[in-house]
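Me: I should be grateful for a close look at a single part of the structure below. Please give a connected account, with the cut-offs behind each term.

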Amino acid sequence: MTAGPPDARPTVPLRRLFLLTVLTAAIAFALQATLAATGAPSAEAISLLVIPVAAGAVIFFGLRPYPLGGRLRLALMTAVALFLVGLGL
């Protein structure tokens, strides 16, 4: 009876999580400022869709040590949460 190696969960350093948070916030503020400065007629609708997608992309690509399914799930949850916050729910 041989024991296999224990399941090693990928770990992400706290520093990387902090940098992802700062990067996501910076992208969201930059997109919002750009849309406000251009005065686009549909800026509100664009920001409601673009900012959650950008945040989800940052989360997806920033958490590379995690398996693909986990990264997709977390990126989707982030995008949906930001979309709901944008709606004011």
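Which residues of helix 2 are buried, and what covers the buried residues of helix 2?

Reply: This is a predicted model, in which local features need pLDDT of at least 70 and side-chain atom pairs count only at pLDDT 80 or more, while totals for chains, interfaces and linings use all residues. Residues are numbered from 1 along each chain as its sequence is written, and side-chain values use heavy atoms, with hydrogens and water left out.

First, the setting. The protein chain contains 3 helices and 0 strands (helices are DSSP runs of H or I of at least four residues, strands are E runs of at least two, and both are numbered from the N terminus). Read from the N terminus, the order of the elements is α-α-α. The C-alpha trace spans about 70 × 25 × 20 Å along its principal axes. The radius of gyration of the protein chain is 17 Å, whereas a compact globule of 89 residues would have one near 12 Å; this radius is taken over C-alpha atoms, and the globule rule is 2.2 Å times the number of residues to the power 0.38. Of the 89 residues, 21% count as buried (buried means under 20% relative accessible area, exposed over 50%, and partly exposed in between, with a 1.4 Å probe and protein chains only).

Helix 2 covers residues 43-62. Its 20 residues should span 28 Å at 1.5 Å a residue, and the end C-alpha atoms are 27 Å apart, which agrees; the expected span is 1.5 Å times one less than the number of residues. The buried residues of helix 2 are Ala43, Ser47, Ile51, Pro52, Ala54, Ala55, Gly56, Val58, Ile59, Phe60 and Gly62. Their cover includes helix 1 (14-38) and helix 3.

Two of the buried positions can be followed in detail. Ser47, in helix 2, counts as buried because its relative accessibility is 11%. Beyond its neighbours within four places in sequence, Ser47 is in contact with Gln32, Leu35 and Pro52 (contact means heavy atoms within 4.5 Å). Gly62, also in helix 2, is buried because its relative accessible area is 15%. With residues up to four places away in sequence not counted, Gly62 touches Arg16 and Leu20. The C-alpha atoms of Gly62 and Phe18 are 11 Å apart, although 44 residues separate them along the chain.

Thr24, for instance, is buried because its relative accessible area is 14%; leaving aside neighbours within four places in sequence, Thr24 is in contact with Ala55, Val58 and Ile59. Just after helix 1, Gly39 takes a positive phi of about 65°.

Helix 3 (residues 68-87) forms another part of the cover of helix 2. Arg71 lies in helix 3 and is buried because its relative accessible area is 13%. Apart from residues up to four places away in sequence, Arg71 touches Phe60, Leu63, Arg64 and Tyr66. From Arg71 to Gly56, 15 residues away along the chain, the C-alpha separation is 9.3 Å.

Together with Leu76, Val80 and Leu87, Leu84 forms a nonpolar surface patch of about 340 Å² accessible area. An α-helix has 3.6 residues a turn, so residues three or four places apart point the same way. Leu76, in helix 3, counts as exposed because its relative accessible area is 56%.

For the protein chain as a whole, the accessible surface is about 6,600 Å², and 72% of it belongs to carbon and sulfur atoms (Shrake-Rupley method, 1.4 Å probe; for residues, only the protein chains shown count as cover). Of its contacts with a separation of 6 or more, 58% join residues 24 or more positions apart.

Terms used
Patches are made of residues with over 30% relative accessible area and no salt bridge: like charges are joined within 9 Å, nonpolar side chains (Val, Leu, Ile, Met, Phe, Trp, Tyr) within 5 Å. A salt bridge is a side-chain nitrogen of Lys or Arg within 4 Å of a carboxyl oxygen of Asp or Glu.
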